[in-house]
Amino acid sequence: LQGDHVLNPGTEAMIGAAATREAAVLVPIVARAEEASILLTTRSAALRKHSGQIAFPGGAVDPGDRSAEAAALREAEEEIGLTADHVETLGRLPSYLSSTGYRIVPVLSIVRPGFGLKLNPDEVDDAFEVPLAFLMDAANHRLESREWRGVARTFYTMPFGDRYIWGVTAGILRSLYESCLLYTSPSPRDQRGS
């Protein structure tokens, strides 16, 4: 289980008790021939919570959603017009507990190029792609801290040009990076050469 508590020991109980709301986000890897990328959004500056922040398409799991995958796909279509016929879901990354009270299921997916986007201006100001290679390079992962509700909090950031990717979004990207390491690191047997 990933989350804000991993970098902020001592907050597990507070976050765990608060994280009662289920959410899902689509982690959309765009399979471009020249270079794979991740599709991200900039939340509307008019939103009450997390306005202007960079995020994955996603949101709360509704009672009518049959799964986290269905919720993530529905939200992606509602927010940016990305339709399910361009998306192949691959699986789930570890759930992410946010300090704002959400248990987020990141749904890893491949997006076929050729899709069109239609942004919902009530929710999203912008949609853009960041090269997957940039996001999966640990040299681009920074740890920063700031005070939040009177407590110093540590979080990942991945600045990309004038885009400031941080918080939950950067934490989920870091989880993707760590998951890739698990599957690409040689096993002890491979290292022995047997």
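Thr-42 counts as buried because its relative accessibility is 14%, where buried means under 20% relative accessible area, exposed over 50% and partly exposed in between (1.4 Å probe, protein chains only). The model is predicted: local features need pLDDT of at least 70 and side-chain atom pairs pLDDT 80 or more, while totals for chains, interfaces and linings use all residues. Residues are numbered from 1 along each chain as its sequence is written, and side-chain values use heavy atoms, without hydrogens and water.

Thr-42 is part of strand S3; strands (E, at least two residues) and helices (H or I, at least four) are DSSP runs numbered from the N terminus. Leaving aside neighbours within four places in sequence, the contacts of Thr-42 include Phe-128 and Arg-163, contact being heavy atoms within 4.5 Å.

Strand S3 (37–43) is also among the elements that cover the buried residues of H3. Helix H3 (residues 68–80) has 10 of its 13 residues buried, including Ala-68 and Ile-80. Gly-81, with a positive phi near 75 degrees, follows H3.

| Arginine | Ring | Distance to ring centre |
|---|---|---|
| Arg-146 | Trp-166 | 4.7 Å |
| Arg-163 | Phe-128 | 3.8 Å |

Trp-166 also belongs to one aromatic cluster with Phe-155 and Tyr-164.

Methods
Rings of Phe, Tyr and Trp (its six-membered ring) pair if their centres lie within 6.5 Å; planes under 30 degrees apart count as stacked, over 60 as edge-to-face and the rest as tilted. A charge sits over a ring if NZ of Lys or CZ of Arg is within 6 Å of the ring centre and within 35 degrees of the ring normal.
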